[in-house]
Amino acid sequence: MSPTMPLPAMASSVTPGPDAARTWPAQQSPAGGGRLPRLLPPAGQPGSDLAAHLGRHGPVPYRGWSARLIPEVRAAGLTGRGGAAFPVHRKLEAVAAASGRAVVVGNAAEGEPASHKDEALLRLAPHLVLDGLQLAAEAVGAARAVLYVRRDLRASTRLDVQISERERRGLDRVAVEIVSAPTRFLAGEESALASLVSGGMAVPRFTPPRVFERGVDGRPTLVQNVETLAHLALIARYGPGWFRAAGTPDEPGTMLCTLRQADGSVSVVEAAIGAPLAELVGRAGTALLVGGYHGAWIPAAQASRLALSNAALRPLGAFTGAGVLAALPADRCGLVETARVARYLALESAGQCGPCLNGLPRIAEALAELAGLAGRQPGPRVLADLSRWAGLVDGRGACHHPDGTVRFIRSALRVFAAEVGQHERGRCTAGNSPPFLPVPAGPSTDADWS
Amino acid sequence: MMHGITSSTALWYASRATGVVSLVLLSAVMIIGILVNRQGRLPGLPRFAVLGLHRNLSLLAVTFVALHVITAVADSFVSISLAAAVIPFVSAYEPLWLGLGAVSLDLMAAVIVTSLLRRYIGRRTWRAVHWLAYASWPAAVAHSIGSSKDLQNGPLLGLAVACILGVVGALAWRLARARAEVPRARRVPDLMASQRIPEGHAAGQAPQDRLVRAGRR
């Protein structure tokens, strides 16, 4: 970790929503690579327009040749910020080496209801994303660049205007087209994305072939989260050494996090990886949800001693994912919250594979019964059934939806073991309380996947 | 013909018996395989169990088929070479009917090997090869009835007919179901309809539309 890393690592924050441009005061920090924020404009400065962007970062640093940027990305150790933390240079290499003209897609599907970081980034620093898209296209020799943006985000941002302004000024070498993503939890899954951009429904398909071999229209396709592209644009300008000045040696850089505090307030911050979780989310009442709805619950007492890094979270079965941190207030029941989310996740299944279709509805129902949402006393075998069914769906779907859902539910059964005992005796510690974690409605017709 | 089991006829009897059992098991595997899809289920069995049953019965059937082939080859009552058991239509004895058995065996082998390697070959290849089961079973049925006098009359003929009707019936049911396929968006809700999960924690709590607004700003 760089000695210049500012503490707290929180640097810039926005409240998501149409009136999003509010920022918290940025932390005064020493100059150099440790200065945060990197992606989001410093508080009080307008960032989203092209002039401000060019004033802060200068023009797109094209390398003039494909694949030139890849060694720099490898040296920087950049990993995907969409949730899977896959090394970016490996995807770049695979797509650059694949035969046929590649397609590059910036992924802002942000299907995770608890996450708002892609939204914040597109509002506050869209040109960093668009720079990254151009640089990625150059690196893999792509002839086509797509920005895949959740439909309501596209409507509420000015991306179309900003792209045409870049075009008019001749900044972009590859024309960028915007494709609207449906508001589905799985719409950003790579193969679902490739299917939608190819004209189909945004539902996952069985792999192989992976999208880097055959993706959009059967072409080798690079799919990167928009935050990853923004980091890429900064690495191309300031170099791997600068990038590594924040974060940990194994997990360098910063990441955007969506914080849902126990008081219900929601904000997006850019934090150095390795920052103490306690600095980011104040006091979690009972537990902290890390990594979103495919992530895991961690007991509050444990969470307050942990850092924001996969190395720190892995032993607890958690990972940073797309940076969702939600502190469950003391007056809410984690089991009830989990049951509601599990139901949402079951409904968001694409309805294709056995594990999802046969497993998740049952698991969601059993969990609802256990949480007391089914309107009857939990049966004696509910807990045993839950763990058995969870084992049956693990690792068997076309995508990771069943695995992620089961991971989330298992962590809840572990962390809220005391509540489980209460519920089995027909008592809930939380009483009546409105939902804390956002649970949107599931799809109602097949058109909702396109 | 044979009169009683002796040391010299034991293998021949064993081969005929395992052949009949194989036919029944393979038909059961077919029936369950046809019913195993995302919407099929057997009465009284959870969906998971149907898939497990298909796999385990397949394993059992393969064991009996292997016994059937080994005993037939090892038996000296009629001379069937190992080659004739796997290469179609080269047998000196009943070349057509034994040949169909060999065809069925080879197709079965392809289905089994690809199922074992499913993780490595990808779902698409596996699925393509798995369709061969639909060719393997009729070949096995023709082989059974054609090469065995046992199955040509009496109760065993009834058994063979029952196997055929079972598979054809399952196929008809499946095709009828496929025509009335549930739309994607209804699949999970239909499965959860039996125990509808209330939205709020207790009566008078957040209705659906409030949840939506809370979730999507």
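Which residues does A:L222 touch, not counting residues up to four places away in sequence? In this predicted model, local features need pLDDT of at least 70 and side-chain atom pairs count only at pLDDT 80 or more, whereas totals for chains, interfaces and linings use all residues. Residues are numbered from 1 along each chain as its sequence is written, and chains are lettered from A and ligands numbered from 1 in the order in which they are written.

A:L222 touches A:K91, A:L92, A:V95, A:A102, A:V104, A:V105, A:A136, A:V140, A:A142 and A:F212, where contact means C-beta atoms, placed from the backbone, within 7 Å. A:L222 is also one of the residues that touch the most other members of the largest nonpolar core, which has 153 residues; such a core is a set of buried Ala, Val, Leu, Ile, Met, Phe, Trp, Tyr and Cys residues joined through C-beta atoms within 7 Å, and buried means 20 or more other C-beta atoms within 10 Å of a residue's own. Helix α14 (residues 354-371) of chain A supplies the largest share of this core, ten residues. A second, separate core of 34 residues includes B:V29, B:I32, B:V50 and B:C163.

Turning to helix packing, α4 (residues 117-124) and α9 (residues 226-244) of chain A meet at an angle of about 45°, with their axes 9 Å apart. The contact joins A:K117, A:D118, A:L121 and A:L122 of α4(A) to A:V226, A:E227 and A:A230 of α9(A).

In chain B, the buried residues of α4(B) include B:L98, B:L105, B:M108 and B:V111.

Technical notes:
Buried ≥ 20, exposed ≤ 12 C-beta atoms within 10 Å, placed from the backbone. Helix = DSSP H or I, 4+ residues; strand = E, 2+ residues; numbered from the N terminus. Contact = placed C-beta atoms within 7 Å. Axes fitted to C-alpha atoms, helices over the stretch in contact; angles between N-to-C directions.
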